[in-house]
Amino acid sequence: ACGAEPVTAPEAVTASAPAAPDISGVWMPTAIGPDGERAQVMEAAIPYLPDVSEGIAAFQANYNPVVDDASRSCLPYGMPRQMMVRAQYPMEVIQTGDELTLIFELHNDARHIHLDARPFPQGLLPSFMGYSVGAWNGGELQVETRGVRESGYPDPHSAEMQITERVRVVDSAEAGPMLEWELTLTDPRTY
């Protein structure tokens with residue numbers, strides 16, 4: 001949020017902690033879920049505020065994909081939608097010592113996750129992907145994203161939304177190594 005006090009990235013990994021995995025490479029989103037199916041796993045229905053739920057119902061009742069889907073105008077999906085896409089478009093991860101760069105084939109979007117323990121900038125202007133800082137805690141990447149541009153339906157959220165992500169490499173008997181990407185959204189104006 002604009003004018004908020006700077007917050008540092010999650011605590012950095014100590015020298016005695018296991019080395020962070022290198023997740024560089026091309027990954028297919030939602031290739032196979034933990035149950036062997038191609039589906040997202042949501043623990044429960046999204047707890048939208050009542051007025052937001054009413055807005056979603058009205059939007060869905062009158063939905064016209066040519067007019068109402070901004071991605072048809074080549075606008076980025078942005079966060080968090082970009083990380084929740086079920087389409088089969090790969091994502092390339094380029095990992096350096098102080099940054100992860102995610103390049104999405106869908107719309108050729110890019111996202112940067114800063115791993116150098118920097119604070120969030122003052123006066124952060126909202127953008128489609130927001131501003132992400134993170135740190136490895138053993139084999140788990142912990143990321144916080146702020147400054148995501150407000151979005152309307154079908155996936156509404158305010159500019160106050162904060163996203164916490166946990167990323168792990170897990171082995172799947174069906175698909176081999178997979179990235180497990182868990183997102184938690186916090187937004188007092190939407191949920």
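The paragraphs below lead through one protein chain, from its overall build to a few single residues.

This is a predicted model, in which local features need pLDDT of at least 70 and side-chain atom pairs count only at pLDDT 80 or more, while totals for chains, interfaces and linings use all residues. Residues are numbered from 1 along each chain as its sequence is written, and side-chain values use heavy atoms, with hydrogens and water left out. The quantity pLDDT is the predictor's confidence in each residue, on a scale from 0 to 100. For the protein chain its mean is 83, and 82% of the residues reach 70 or more. Over residues 1-15, however, the pLDDT is below 50, and this stretch has 32 contacts in the model beyond near neighbours in sequence, where a contact means heavy atoms within 4.5 Å.

With that in mind, we can turn to the overall build. The protein chain has 2 helices and 8 strands, which are DSSP runs numbered from the N terminus, helices being H or I over at least four residues and strands being E over at least two. Read from the N terminus on, these elements follow the order β-α-α-β-β-β-β-β-β-β. Among contacts between residues at least 6 apart in sequence, 52% join residues at least 24 apart. The accessible surface of the chain comes to about 10800 Å², of which 53% belongs to carbon and sulfur atoms; such areas come from the Shrake-Rupley method with a 1.4 Å probe, and for residues only the protein chains shown count as cover.

Which part of the chain is hidden from this surface? Of the 191 residues, 34% count as buried, a word that means under 20% relative accessible area, whereas exposed means over 50% and partly exposed lies in between (1.4 Å probe, protein chains only). In soluble globular proteins, nonpolar side chains tend to be buried together. A nonpolar core is a set of buried Ala, Val, Leu, Ile, Met, Phe, Trp, Tyr and Cys residues joined through side-chain atoms within 4.5 Å. The largest such core here has 21 residues, and those with the most contacts inside it are Met 91 and Leu 102. Two or more residues of this core come from each of β2 (91-95), β3 (99-104), β6 (140-146), β7 (162-172) and β8 (176-186), with β3 giving the most, namely 3 residues. Leaving aside residues up to four places away in sequence, Leu 102 touches several others, including Met 83, Met 91, Val 93, Ile 113 and Trp 181.

Aromatic rings give another view of the packing. Rings of Phe, Tyr and Trp (its six-membered ring) pair if their centres lie within 6.5 Å, and planes under 30 degrees apart count as stacked, over 60 as edge-to-face and the rest as tilted. By this rule the count comes to 4 aromatic pairs, and Phe 59, Tyr 63 and Tyr 153 form one aromatic cluster. Phe 59 is found in helix α1 (residues 50-61) and counts as buried because its relative accessibility is 15%. Although Phe 59 and Pro 154 are 95 residues apart in sequence, their C-alpha atoms are 7.3 Å apart in space, and Phe 59 touches Pro 154 as well as Asp 68 and Tyr 153.

Charged side chains also meet rings, and a charge sits over a ring if NZ of Lys or CZ of Arg is within 6 Å of the ring centre and within 35 degrees of the ring normal. The charged end of Arg 81 sits over the ring of Tyr 77, 4.0 Å from its centre, and that of Arg 146 sits over the ring of Phe 120, 4.4 Å from its centre.

Finally, the backbone deserves a look. Most residues other than glycine have a negative phi, and most peptide bonds are trans. Yet a cis peptide bond, with omega about 0 degrees, joins Met 79 and Pro 80, and Pro 80 lies in the loop between α2 (65-68) and β2. His 107, which is not a glycine, has a positive phi of about 65 degrees; this residue lies in the loop between β3 and β4 (109-114) and counts as partly exposed because its relative accessibility is 29%. Ala 117 also has a positive phi, near 60 degrees, and lies in the loop between β4 and β5 (131-137).
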